[in-house]
Amino acid sequence: MASYKEQDFETHIVEHLTDPTHGDGAYVQRASSDYDKELCLIPEEIIAFVKATQPEEYEKLQEQYGADAGRNLCIRIRNTIRRWGALRVLREGVKDRGATIQLVYFRPSSTLNPAHEQLYRKNRLSVVRQLHYSTKHPSRSLDLGIFVNGIPIFTAELKNSLTGQFVEQAKKQYRKKRRPPEPLFQFKRCLAHFAVGNEKVFYTTRLAGDDTYFLPFNKGIENPTNPDGHKTAYLWETVWHKDSLLDLLQNYLCMQIDKEKVYDPEKGAIVTKESETLIFPRYHQLDVVRKLLRAAREDRAGHNYLVQHSAGSGKSNSIAWLSHGLRQLYRSGEKERLFDTIIVVTDRRVLDEQLQNTIKQFEQTAGTVVPITKTSQQLKEALEKGKDILITTIQKFPVISEAMSELEGNRFAVVVDEAHSGQTGENAKHLKKTLSASLDEAEEKDETDVDLEDEIVQEIRARGQQAHISYFAFTATPKNKTLELFGRKNEEGTYVPFHVYSMRQAIKERFILDVLDNYITFKRYFKLVKSIDEDKEYETRKAARALTSYVDLQPHAINTKANICLDHFLDVTADAINGKGRAMLVTRSRLHCVRYYLTLKRLMKERGLSVEPLVAFSGTVEDPDTGAKYTESSLNELGSKTDIRDAFKLPKYRILIVANKFQTGFDCPPLHTMWVDKKLGGVSAVQTLSRLNRTMWSEGKTEVVVLDFVNEAEAIQTAFQDFYQTTFLGEETDPNKLYDLAAELRNLEVYTPQDVDDFAEVFFDESQPGEQLQPILDRVVQQWRQRDEETREDFRSLLQSFARLYGYVGQLIDFEDPDLEKLYVFARNLNRKLPPREGGGLPQEILDEVDLDSFRIQETYDGSLSLNPQDGEVQGISTTTSGQASDAEREYLSNIVSALNEAYGLDLSERDKIRVKEIVEDVETDDSVEAVMTGPNSRSNKRHHVNKVIEQKVMAQVNHSIELFQRLNDHEVKKEFKRRLFNQLLQQFG
C-alpha cells in the first residue's frame, strides 16, 4: 500500500535535493546536531568551504587564532549577520584580523573565467530535516532548513494533504510557533520561510507572529497537475536547485527601503515614513525575468517581447530585475555583453519616482543606473559614455533624434513601462530612429552614389524593427497595436503576449481588489423644451452631445448628483478603511470639474462638515456663464510647496474631483469610492476604475464602490472582460490596405503624382530650404478648395487614414516601397495645411434655443459585475475611413428634443400630463397665491407660501393616481417643479 505520511513528503524532497546524479548541484544532508543553535550556523560547512576556496586567507586566521580559528570565524560571521543581515554578508563577505573571507562565490556572467567558475562549483548547499532550532526549547523543530556554505537561507514547513493537513496549517504554524526572538526567525537572519503543501506554496521574508503576511509562490491561480508527482515539485526541483538558488541570492533578493509620505496625527502634518523590506520575487516575477533573459540570449538583439502583467503584479520590481539582468547578459563564449545599454522608458512626463527608486535600489555597483531627470542633453551624454542602465521618458527621444547618429552599431535593450500609452506612434518612431544604424550590416552602401530612393529606404528602416534593438514592453491592458507591434504570433496565427500575469490571478491572490464587485449605476431623466419658434436643422449626433452636455452642466443637474455623492460619502466612504476612506469624482470636462468642486464645497459647508474637496485639472478654466476664471491652485489654495497627492492624505481632504488627471498612474490605497460622471470605454475604463484596486488589508479595506452616472453596467463589464485573462489579437493588419487607400486618394484627383514627387525632392534633401515645401502644398490645397464639400471631406478622411495606418504599419513591415514613403510624408504634411472642417465642433448655438424643463436621477443597477474566466480578443487595426461630415444624419431641433425627451424624460402618460397641467392651473388661480404674490411680501415669504400650496395640490393626487403622486413626490422632481412654477408665477404677477 502506498505511503502518504508527512514524513514521506519530507523524504521525497530531501532525496531529490541530495540526489548524487545532480553532480556538484547536489545538496549534502546534515544532521540537526550539526547546527549550532547559538551561532545559528553550521560551522563545519563554513570552515570546509573557506578552506577549499580561500586557503591563504584561512591561514591568516590560524596565525591569529591558532586552533580556534574556525570557531572565531563563525562568531565573527554571526555577529556581522546580526548587524547587517545574511544577504549583505553573503554578497560582501566578512573581514577578520586582516583576512577577507568570501562566504559564497556567484556564477560569473561570462564563461571566460575558468578559475571563477571552479570557485562557483565549490559552493556547498546543505539540507537539514527536523531542524532543532531553539536553545530554550530543545524539542522544537521545523521540517526543513536549507543552508548555503553553512549559513541558513530558507526554512520550510511541509503539509501533506493526504493526511488532512494543508498549506494553511503551515502558515498557522509559522505565525503561532515560529517567532522571533529565536535567532533563526529574526528578520534578515534567514532570508525566506516557505509554507509548502502538495498543491500550493507560500512564503514570507519577515516572521511577525500573527501579523505575518505570506505571499503566494504558485504558477497560477491553481498549480497545474504534475503527471510525475506533486503540483509543487517546481519548488525543490527548479527554484531550490543550486544554480537557481545562487542566482536568487546574487540577482533577485534585495533589501528595499520604502519611503512613503503619510499623515502623522500627533504632528498634524505629512511626514516621510521609512520601512525596510526584504524583497523575494513572486513566482511570476521570477518566471518572466528568467524566460525573457533566456529568450534574449537565444534570439540575440532585434526582437520584441510583450509582457501582460496586471496591476498588483509588482511590475516595477520585474522591470528592475530584467534591466539588471540584461545589463550582464552574455552569450556563451563571447567577450562582449549582448547589449551595450539598457534604456528604461516610461510614458510619464514626470519620471516615475517609484520605478526610478526601485531600479536604483537593485543596483549593486554604484553608477550602474542613471536616471535622466533633466535635459535631453543629459541623456545624450549618458549614451555617449556608455552608461549601463538609463531611465528616461519617451518625450526626450524626438529632441535628440538627429544628435545620436554616432551611436550606429551599438546594441540596445529598451524596456518600456506601460507599452500602450505612447510607444506605437510618432514618438516611438523617433526612439527607433535615435538608436538605429543607417543600414543593415549585411548590406553594403556605396557612399558615392546616394540618391533620393536610398534616403527614403533609410527612413523606412529607421521606423521598422532593427537588428540591434530589442524591446521588452510591459502593460496591463494591451491594445491591438501593442499586441501586433510587441506580441508574438502563435501556431493559431493570433498575436499573444510573451508572458501573462492576469487581472484574474491578481484578484484571486488578493494583490488587488475587484473594482466591479460593488457597482451602482444611475440614469438621468430630463425633458427639454424648445425656446424659439424657428425649427433649425442640426447634425443629430453632435446636437445630441451638445444638449446632453448642456443638461449635465445645469446647476440643478450638478447639484442633484453632488448631493447623491455627498450622501454616499457620509453613509459609506467616510467610515470605510477605519475612517480613512477617500473618494474620487471623475468628470468629463474641466468646466464640469470646476462646477462640481464649487457645488460640493458649498454643500459640505452648508452641512457643517469639517472636510473639504480637492480639484485636479490643467490650465485655466473660464466659466462662460459667469466669466470667472479658475485654476487648480486658485481653488485648492494649497500653496506651492504642497502637492495634491500629499494634500489628499490630510484628514481635511477626503474627496478629489478630477478632469483627465490622476485617472492613470495615481496610487492611493485609501481610495475607496469612485463617482463617475464621464463616458468610459475599453482601456480608459479599466485604467480609470483601477485607481480603486490598491489593497489595505491591515486597515480593513476589503471592498470598493463605484457610483456611475453615465455608463451602462454591461459596457463596463465588456471593457474589463478583454483584459481579465490573456488578451490576444486574432487579426493582423494587412499592409496591402495601404495600396487601397492610396488608390482611393488618387481617384479623387486633388493632387497629382508629380506633386508628391516634387514634395519628396525637397523634403528628403537636407540642402533644400524648408520653405520650398509651402508652395507645393498650397497648390494642392487650392485644388482641394475647388471640390464640393462631400469630396473635400472624403479626401480629408482618406488622407488621415492613410497617414495613420502607414505610421503604424511602417513599424511592422520589412518591405521597402519608396512611393508609399513619399506619399506618407506628403499626406502627413498636407493634412496639417488643410483648413479645419466647417462646423467641426459641437453646435454651441443650439444651447440658446432650448430650456431644461425637468431633471431627475434614478438608480438602475446595484450589484457585482462578474467576469467570465476566459481570454479576451481585441479587434484588429481599422483601415476604414473615419466617416465624412456629408454622411452625418441631420434633424430638425424639435425632433432632436423629442428624441432626447423620449430617452431621458419623465415618461408621463397623456392622462398624467393633463393632471399636471391641472395642478399648475390650480396653483395659478388660487386666491391665496394671488394675494401673496401681489402683496408687499418678501421673495422668500412668497416662495414659502407657493411651495405650501403646491404640496397640498400634489398630496391631493394620491386620491386620483398613486403612480403620479409617487413621481411628483420624488424629492428632486418636486423640488424642480416648485422652482419652475414659482418662477412662472413671478413673471405672471410681475
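A residue counts as buried when its relative accessible area is under 20%, as exposed when it is over 50%, and as partly exposed in between, using a 1.4 Å probe and protein chains only. By that rule, buried residues make up 52% of the 990 residues in this chain. The model is predicted, so local features need pLDDT of at least 70 and side-chain atom pairs count only at pLDDT 80 or more, while totals for chains, interfaces and linings use all residues. Residues are numbered from 1 along each chain as its sequence is written, and side-chain values use heavy atoms, with hydrogens and water left out.

**Overall build**

- The chain holds 37 helices and 33 strands. Helices (H or I, at least four residues) and strands (E, at least two) are DSSP runs, numbered from the N terminus.
- A contact means heavy atoms within 4.5 Å. Take the contacts between residues at least 6 apart in sequence: 75% of them join residues at least 24 apart.

**Nonpolar cores**

- In soluble globular proteins, nonpolar side chains tend to be buried together.
- A nonpolar core is a set of buried Ala, Val, Leu, Ile, Met, Phe, Trp, Tyr and Cys residues joined through side-chain atoms within 4.5 Å.
- The largest core has 140 residues, and F194, W240 and L326 touch the most other members. Helix α10 (residues 283-299) gives this core its largest share, eight residues.
- Another core lies apart from it, with 43 residues, including A574, F617, L852 and F855.
- Look at F194 and set aside its neighbours within four places in sequence. F194 then contacts F154, T155, A156, E157, Y174, V201, F202, Y203, L235, W240 and F280.

**Two crossing helices**

- Two packed helices are described by the angle between their axes and the distance between the axes.
- Axes are lines fitted to C-alpha atoms, for helices over the stretch in contact, and angles run from 0 to 180 degrees between N-to-C directions.
- The axes of α2 (residues 43-53) and α4 (residues 69-84) come within 10 Å and cross at roughly 105°.
- Angles under 35 degrees count as roughly parallel, over 145 as roughly antiparallel, 65 to 115 as roughly perpendicular and the rest as oblique. The helices α2 and α4 are therefore roughly perpendicular to each other.
- On the α2 side, P43, I46, I47 and V50 take part; they meet G70, L73, C74 and I77 in α4.
- These contact residues divide into seven nonpolar, one polar and no charged. Here Ala, Val, Leu, Ile, Met, Phe, Trp, Tyr, Cys and Pro count as nonpolar, Asp, Glu, Lys and Arg as charged, and the others, Gly among them, as polar.

**A covered helix and a buried strand residue**

- Helix α25 (residues 682-689) is mostly covered, with six of its eight residues buried. The buried ones are V683, A685, V686, Q687, T688 and L689.
- The cover over these buried residues includes α18 (503-508), β21 (519-530), β23 (582-587), β28, β29 (705-708) and α26 (713-721).
- L390 sits in strand β15 (residues 389-393). At 0% relative accessible area, L390 is buried.
- Beyond its neighbours within four places in sequence, L390 contacts T341, I342, I343, V344, V370, L379, A382 and L383.
- L390 and P371 are 19 residues apart in sequence and 5.8 Å apart in space, C-alpha to C-alpha.

**Backbone details**

- The peptide bond from P180 to P181 is cis, with omega near 15°. P181 lies in the loop between α7 (167-177) and β7 (192-197).
- N660 is not a glycine, yet has a positive phi of about 65°. N660 is in the loop between β27 (653-658) and β28 (671-677), and is exposed at 57% relative accessible area.
- E749, also a residue other than glycine, has a positive phi near 55°. Its loop runs between α27 (737-747) and α28 (753-763). E749 is exposed, at 57% relative accessibility.

**Cysteines**

- A disulfide is a pair of cysteine sulfur atoms within 2.5 Å. By this rule the count is zero.
- C565 is buried at 1% relative accessibility, and C593 is buried at 0%.

- H944 lies in helix α35 (residues 939-956) and is exposed, at 58%. H944 and F982 are 38 residues apart in sequence and 9.8 Å apart in space, C-alpha to C-alpha.
- E930 lies in helix α34 (residues 927-934) and is partly exposed, at 40%. E930 and L985 are 55 residues apart in sequence and 8.9 Å apart in space, C-alpha to C-alpha.
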